[in-house]
Amino acid sequence: MTVFLGKWTFSRVETEMSATIDDRGLTVEGRDMGIGVVEIWDDPVYEYSVTVGAVHLDGVLSALRTKMGDTPPTGEQTENRDRLILDYLSEAFSKGTFHNSTGYRQWLETNDLPNDRGTTPPG
């Protein structure tokens with residue numbers, strides 16, 4: 001299950017982000033493009049990801065609810081969890097709650113949610 005989180009332009013860098021939940025967990029992926037990326041990496045595209053393991057998805061949902069000011073309904077079914085996580089992330093990125101992957105990753109760390117950061121070096 002994947003959602004597109006958004007596309008933003010900051011100065012001379014254009015960023016696209018998406019989120020996927022699969023058997024491994026939640027992965028937020030980003031792609032930076034533009035002259036600003038060329039100046040830093042000497043390549044027009046820089047790709048990166050932040051992954052939270054599947055065992056921590058309940059914690060992600062709970063922390064997102066708190067962040068977005070929502071209270072879970074009583075007796076909620078966990079089969080809706082993945083869709084709720086993606087919906088909350090989509091809302092959080094569209095409202096500017098998370099401005100980029102760095103802000104998202106810092107939020108994960110603040111909430112003691114282990115995550116792995118991956119990058120695809122240019123070239």
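**Chat notes on the model**

Modeller: Let me start at Lys95, which sits in the loop between helix 3 (81–94) and helix 4 (101–110). Keep in mind that this is a predicted model.

Biologist: Is Lys95 buried or exposed?

Modeller: Lys95 is exposed, because its relative accessible area is 59% and the cut-off for exposed is over 50%.

Biologist: Which side chain does Lys95 have a polar contact with?

Modeller: The side chain of Glu91, in a polar contact of 2.8 Å.

Biologist: Back up a bit. How many helices and strands does the chain have?

Modeller: There are 4 helices and 5 strands. Along the sequence they come in the pattern β-β-β-α-β-α-α-α-β.

Biologist: And what percentage of the residues is buried?

Modeller: Of the 123 residues in the chain, 38% are buried. The accessible surface is about 7100 Å², and carbon and sulfur atoms hold 47% of that.

Biologist: What about contacts between residues at least 6 apart in sequence?

Modeller: In that set, 48% join residues at least 24 apart.

Biologist: Now the strands. In which sense do strand 1 and strand 2 pair?

Modeller: Antiparallel, over 8 bridges, with strand 1 covering residues 2–10 and strand 2 residues 13–22. Thr9 stands opposite Glu14 of strand 2.

Biologist: Which residue in that hairpin takes a positive phi?

Modeller: Ser11, with phi near 50 degrees; the hairpin has 2 residues between the strands.

Biologist: Changing topic to aromatics. How many aromatic pairs are there?

Modeller: The structure holds 8 aromatic pairs. One of them is Tyr46 with Tyr48, with ring centres 5.8 Å apart and planes at 35 degrees.

Biologist: Why does the pair of Tyr46 and Tyr48 count as tilted?

Modeller: Because the planes of Tyr46 and Tyr48 are at 35 degrees, while stacked needs under 30 degrees and edge-to-face over 60.

Biologist: Are those two buried or exposed?

Modeller: Tyr46 is buried, with a relative accessible area of 10%. Tyr48 is buried too, also with 10%.

Terms used. Residues are numbered from 1 along each chain as its sequence is written. This is a predicted model: local features need pLDDT of at least 70, side-chain atom pairs count only at pLDDT 80 or more; totals for chains, interfaces and linings use all residues. Side-chain values use heavy atoms; hydrogens and water are left out. Buried means under 20% relative accessible area, exposed over 50%, partly exposed in between (1.4 Å probe, protein chains only). Contact means heavy atoms within 4.5 Å. Accessible areas come from the Shrake-Rupley method with a 1.4 Å probe; for residues, only the protein chains shown count as cover. A polar contact is a pair of N or O atoms within 3.5 Å; within protein, one must be able to donate a hydrogen and the other to accept it, and residues adjacent in sequence count only if both atoms are side-chain atoms. Two strands pair if DSSP finds at least two bridges between them. Rings of Phe, Tyr and Trp (its six-membered ring) pair if their centres lie within 6.5 Å; planes under 30 degrees apart count as stacked, over 60 as edge-to-face and the rest as tilted.
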